Amino acid sequence: MAISTEDVVKIATLARLNLPENNIPEIANQLSSILGHMEVLQQVDTSGVDATTAVSLERMPLREDVSFVSGEGKMAQTVAADPAVTTREGFILVPRLSTHEAS
């Protein structure tokens, strides 16, 4: 599948990208090359390969779900010991940036 320069301009407009005019033909060639490679990859026989996206929860070990701030975990102890960190109700408070002050 070939990507035309018009396609590149349309996509760039939709994505609000400001592409230099002299780069558009090269970008079209690169995108066409990528899509050509994808067409080659689609021809590979993967019928004997297990799907990696359908991993069952029985086979995948899950980590223990622990709170990082309000609990017994290492992170909670580190946060509690740091006098520079202010917390409220288990959340770390981040000071407002001066550039975001209400005017």
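Visitor: Is V9 buried, partly exposed or exposed?
Guide: Bearing in mind that this is a predicted model, V9 is partly exposed, since its relative accessible area is 40%, a value that falls between the 20% limit for buried and the 50% limit for exposed.

Visitor: Moving on to α2, how many residues does it have?
Guide: Helix α2 covers residues 24-42, which is 19 residues, and from its first C-alpha to its last it reaches 27 Å, close to the 27 Å expected at 1.5 Å a residue.

Visitor: Which residues of α2 are buried?
Guide: In α2 the buried residues are I24, A28 and S32. They share one side of α2, because the arc they cover around the axis is only 70 degrees.

Visitor: What covers them?
Guide: The cover over the buried residues of α2 includes α1, residues 5-14.

Visitor: Let's look at S32 in particular: what is its relative accessibility, and what does it touch beyond its sequence neighbours?
Guide: S32, a residue of helix α2, has a relative accessibility of 18% and therefore counts as buried, the limit being under 20%. Once neighbours within four places in sequence are set aside, S32 is in contact with M1, A2 and I3. There is also a C-alpha separation of 8.3 Å between S32 and S4, which are 28 residues apart along the chain.

Visitor: Switching to the surface, which residues make the nonpolar patch?
Guide: The residues L31, I34, M38, L41 and V44 form a nonpolar surface patch of about 430 Å². One of them, L41, is found in helix α2 and is partly exposed, with a relative accessible area of 43%.

Visitor: Now zoom out for me: how many helices and strands are there, and in what order do the elements run?
Guide: The chain contains 3 helices and 2 strands, and starting from the N terminus the elements follow the order α-α-α-β-β.

Visitor: What share of the residues counts as buried, and how much accessible surface does the chain have?
Guide: Of its 103 residues, 8% count as buried, while the accessible surface comes to about 9,500 Å², with 57% of that belonging to carbon and sulfur atoms.

Visitor: And what share of contacts joins residues at least 24 apart?
Guide: Taking the contacts between residues at least 6 apart in sequence, 25% join residues at least 24 apart.

Note on methods. Residues are numbered from 1 along each chain as its sequence is written. This is a predicted model: local features need pLDDT of at least 70, side-chain atom pairs count only at pLDDT 80 or more; totals for chains, interfaces and linings use all residues. Side-chain values use heavy atoms; hydrogens and water are left out. Helices (H or I, at least four residues) and strands (E, at least two) are DSSP runs, numbered from the N terminus. The expected span of a helix is 1.5 Å times one less than its number of residues. Buried means under 20% relative accessible area, exposed over 50%, partly exposed in between (1.4 Å probe, protein chains only). The arc is that of the directions from the helix axis to the C-beta atoms. Contact means heavy atoms within 4.5 Å. Patches are made of residues with over 30% relative accessible area and no salt bridge: like charges are joined within 9 Å, nonpolar side chains (Val, Leu, Ile, Met, Phe, Trp, Tyr) within 5 Å. Accessible areas come from the Shrake-Rupley method with a 1.4 Å probe; for residues, only the protein chains shown count as cover. A salt bridge is a side-chain nitrogen of Lys or Arg within 4 Å of a carboxyl oxygen of Asp or Glu.
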